[in-house]
Amino acid sequence: MADTFPTDNNTVAPRRRDIGLKQRYAAERRFQLYGKLAIAFGLFFLALLLWTVVSKGYTAFLQTSINLDITFDETVIDPKNERNENPMKLLTANYPKLAEAALYQKLGIDPKDKAQTKAADALISKGARTQLRDMLVSDPDLMNKTQNVWVLASGEVDSAIKGQFDLSVDESRRKIKDNQLEMMDRLKADGSLEGRFNTGLFTNGGSSRPETAGVGVAIIGSAYMMLIVLLTSLPIGVAASIYLEEFAPKNKLTDIIEVNINNLAAVPSIVYGLLGLAVFINFAGLPRSASLVGGLVLSLMTLPTIIIATRAALKAVPPSIRAAALGIGASKNQMVFHHVLPLAAPGVLTGTIIGLAQALGETAPLLLIGMVAFVVDAPATPLDPATALPVQIFMWANEAERAFVERTSGAIIILLAFLAVMNITAIFLRRRFERRW
């Protein structure tokens with residue numbers, strides 16, 4: 001006969017409860033661990049992305065330049081003294097010859113030595129023509145005077161200084177030759193060759209030469225588009241949200257409208273580009289590559305985001321606010337516009353800024369409406385040809401020259417800075433004006 005032991009129910013039940021509590025606590029700790037691992041995983045790839053972009057793009061904010069004493073020699077610029085009868089003469093003069101002569105003098109090169117002069121000429125960017133021309137046009141008194149100028153170095157020199165290609169390989173396999181390296185060393189030794197802050201990155205337009213390429217036109221084009229998006233999508237989106245949330249009857253029609261608005265928020269952006277191409281360009285006849293068309297296309301894409309965010313902000317206002325306003329004799333319009341909408345304004349502003357930030361980073365719809373044009377001059381109006389920051393990044397990424405890699409990453413840094421400012425502004429407005437009920 002087996003031994004039997006008395007069972008104390010008062011002892012077993014607490015043990016079972018302790019085991020259950022330990023299991024639940026262990027499960028909770030595992031869940032917290034999984035959450036921390038997920039956050040760490042996301043932060044790791046975010047840091048990797050930022051490091052990749054910044055490490056390749058920070059050099060774009062520096063541009064190698066050569067310090068030269070430029071003499072604006074009238075015998076080179078206007079040998080026949082034709083500028084009074086032909087003002088265009090100053091625009092078409094041989095300005096690179098002035099920079100080349102100054103470089104020969106600094107390096108002690110005989111102008112008759114073809115090999116040395118050819119090597120020296122390649123150190124100076126062809127963009128020096130525009131740089132010196134603009135100086136003389138803005139100040140005609142410089143004629144026949146000597147001016148100290150930091151002239152842009154060529155893209156090959158800039159890449160060599162920044163270590164973007166290997167200078168230890170055989171001379172036949174690199175664009176910078178040995179005699180040019182010797183000239184660069186001499187210029188660096190006396191402080192005439194150095195990297196300076198690249199203001200042209202923010203002011204210049206499109207260029208086939210990386211040292212003179214910038215995002216100035218793209219920034220202006222993006223600003224025009226964001227202004228158009230703000231002026232069109234905000235009032236339309238807020239008005240639609242107010243009607244659907246406060247005035248529209250709850251029936252199948254409004255249910256269908258709500259479902260379609262939610263679906264439109266998930267439609268790929270390239271579909272809006274096809275719509276803009278068909279409606280605004282082919283049907284309405286608006287100009288291709290214009291900021292107006294880009295802004296209208298991005299407005300269509302941003303509307304669902306603003307409507308959804310505005311409706312959520314209106315729903316967050318307690319019903320007691322509405323009841324109190326109506327109870328003291330306010331009309332429904334007064335209740336909405338005097339009480340509900342002001343309280344929902346922080347949410348509306350936050351949703352609008354987030355929608356604008358999303359639109360600022362879009363590329364696909366702008367490609368379809370022709371905003372990939374090579375634009376050098378800044379657009380004066382939204383109807384002029386322009387490009388946008390994400391499109392400029394896309395165009396530079398397809399360039400074959402090595403120097404455009406840093407320009408691409410530099411433009412990405414600028415775009416990320418704009419997006420960060422917009423999102424930080426949205427967070428600030430929400431925390432500054434948000435009310436908790």
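## Salt bridges and aromatic pairs in a predicted model

Arg196 is partly exposed, with a relative accessible area of 34%. The structure described here is a predicted model. Its side chains form 10 salt bridges, and the count of aromatic pairs comes to 5. The points below treat a selection of these contacts, together with the accessibility of the residues concerned.

**Salt bridge Glu194–Arg196**

- The partner of Arg196 is Glu194; their side chains meet in a salt bridge with an N to O distance of 3.8 Å, which lies inside the 4 Å cut-off.
- Glu194 is likewise partly exposed, at 33% relative accessibility.

**Salt bridge Glu245–Arg311**

- A salt bridge joins the side chains of Glu245 and Arg311, with 3.0 Å from N to O.
- This pair links distant parts of the chain, since Glu245 lies in helix H9 (residues 216-247) and Arg311 in helix H12 (residues 291-316), 66 residues apart.
- Glu245 has a relative accessible area of 18% and is therefore buried, the limit for that class being under 20%.
- Arg311 also counts as buried, at 10% relative accessibility.

- Lys162 and Glu406 form a salt bridge through their side chains, at 2.9 Å from N to O.
- The two residues are 244 apart and connect distant parts of the chain: Lys162 belongs to the loop between helix H6 (155-161) and helix H7 (178-189), whereas Glu406 belongs to helix H17 (residues 403-433).
- Glu406 is buried, with a relative accessibility of 2%.
- Salt bridges link Lys162 and Glu406 with Asp158 and Arg407 in a network.

**Aromatic pairs**

- Of aromatic pairs, the model has 5. In the pair Phe41 and Phe45, the ring centres are 4.8 Å apart and the planes stand at 65°, so the arrangement is edge-to-face; the angle required for this class is over 60 degrees.
- Phe41 and Phe45 both belong to helix H1 (residues 9-57), and because they are 4 residues apart there, about one helical turn separates them.
- Phe41 is exposed, at 55% relative accessible area, whereas Phe45 is partly exposed, at 40%.
- For Trp396 and Phe404, the ring centres lie 6.2 Å apart and the planes at 45°, so this pair is tilted.
- Trp396 and Phe404 are both buried.
- Phe41 and Phe45 are joined with Phe44 in a cluster through ring pairs.

Terms used. Residues numbered from 1 in each chain as written. Predicted model: local features only at pLDDT ≥ 70, side-chain atom pairs only at ≥ 80, totals over all residues. Heavy atoms only, no water. Phe/Tyr/Trp six-rings, centres within 6.5 Å; stacked < 30°, edge-to-face > 60°. Buried < 20%, exposed > 50% of the residue type's maximum accessible area, 1.4 Å probe, protein only.
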